[in-house]
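Hi,

Here is the structure I promised to pass on. Have a look at it first, and my notes on the salt bridges follow below.

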Amino acid sequence: MSDLPGASETVNLNIQEEAHALSVTIGTYNEKGIDISKLLGTTGHVTLDPGFKNTGSTKSAITFIDGINGILQHRGYPIEQLAELASFQEVMYLLLQGELPNANQLADIEGQIKAETKAPEGIKTLLNALPDGSHPMGMLSVALASLPSFYPNALDSWSDETVRWETIYRLLGHMPVIAAYVYRRSQNLPYIDPNPELDYVSNFLYMMFGEVDPVIADALDTLLILHADHEQNCSAATVRMIGSSHVNLYAAIAGGNSALWGPLHGGANQKVVEMLESILADGGDSEKYINKAKDKADPFRLMGFGHRVYKNFDPRAKVIKAYADKILDKLNVDDPVLDIAKRLESSALNDEYFQKRKLFPNVDFYSGIIYRALGIPVDMFTVMFALGRLPGWVSQWKEMRESGDPIGRPRQIYTGASKRDYKPITDR
Ligand code: CMC
């Protein structure tokens, strides 16, 4: 571990026999990032890294991941401890403010968010205008993108400290209401308005189902913590990228939500359960699907497997797997897809294809099974992920604005046609 996060050393890059000294930024755990921000000006070269597989886009003090050793920490606190001991709102405070709250600070953030639990009636009108059968994630993006229309003071969310926090607390307060409205709309059920007496997670369950089972509330609180942040993933990087244009917070979050929807990211939780169901319907032969996943001519992928950063195990998946057994037991649910999931996992972990590529179950492999046991329909799973991830997105946006990061604007290597002259259509 380095004593001085951000301390520098230099490396030399030789281009056509000329040495260019590049400074190296060193992180808390000795991670090293070569600073190439001046490379174009000094050497005429850019770097090329599709998918940012090897590119650090920012310095960040929120979340640390060590993908080799399966470590995930928020502001230094291990995810395993937070999942077991903290509440989701404590984790919200931790992500946003950098420290765990004391009792007064926790009561303050809970109160600020509770004061923002009443979402505009117009959100219902908007959702009602969407066709039956709309995907809940699309509905959620629409509702999030509409917030600046209802709250024009948020258009300049960064200008003033008071407006900034009002904008943040309002979003955190509105999100469970909007997510529950999305669920009610998708099921064609009447909306249930919030109950200000209830805590964050219980209120969400009340607006979803009209009742609150404390076992379910407790399980959901833990799942939300496990999703709360994950450093520069596709949706958080999207929030930072959109926010770097200095657009309002709500527009940036709506964009991040759309990024989350994709099946390679948060949308995987829906795809995992759909995959497990189709394996079950096909006779439960997990080996057949392991072979399909290995077959390069077959587009099938084992959903919920693999991760860009984790190369040994995903610590969130470890917690969730143990939790899945406990919760299904507690709720007295016997779900045959859980057995299929365990069989698939065990076959994959013993298979050379998956071992060689370091493919392990990720957070989405077991989370859907728990959501299902909690009575949440499969197309709502990614909305649940978004509810959990919101404090992470907001914290990433806030850090980006505080650090004054420049507008995100990657370079490219152009490979198209070179200059040619326009010809009239008759000559083409
Ligand atoms: N099933 C079969 N093969 C796989 C899988 C999989 N799920 N994931 C990766 N591979 C293979 C891939 O074909 C490639 O093989 P080869 O080297 O022979 O070409 C190798 O493993 C490396 O894969 P990659 O696609 O280059 O890796 P990536 O870092 O670009 O993608 C990933 C990471 C998560 C998108 C990918 O593993 C995947 O598509 N997994 C399934 C979707 C999923 O579960 N996503 C949720 C991610 S965790 C939740 C979150 O987003 O935070």
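Does Asp 405 count as buried, partly exposed or exposed? At 24% relative accessibility, Asp 405 is partly exposed (buried means under 20% relative accessible area, exposed over 50%, partly exposed in between, with a 1.4 Å probe and protein chains only).

Before you read on: this is a predicted model, where local features need pLDDT of at least 70, side-chain atom pairs count only at pLDDT 80 or more, and totals for chains, interfaces and linings use all residues. Residues are numbered from 1 along each chain as its sequence is written, and side-chain values use heavy atoms, with hydrogens and water left out.

Searching the whole structure turns up 20 salt bridges (a side-chain nitrogen of Lys or Arg within 4 Å of a carboxyl oxygen of Asp or Glu). One of them joins Asp 405 to Arg 240, with 3.7 Å between the closest N and O atoms. Asp 405 sits in the segment after helix H18 (381-403) and Arg 240 in helix H10 (residues 234-243), so this pair ties together parts 165 residues apart in sequence. (Helices, H or I, of at least four residues and strands, E, of at least two are DSSP runs, numbered from the N terminus.) Arg 240 is buried, at 6%.

Then there's Glu 121 with Lys 124, at 3.2 Å, N to O. They are three residues apart in helix H5 (residues 121-129), about one helical turn. Glu 121 is partly exposed at 45%, while Lys 124 is buried at 10%.

Cheers
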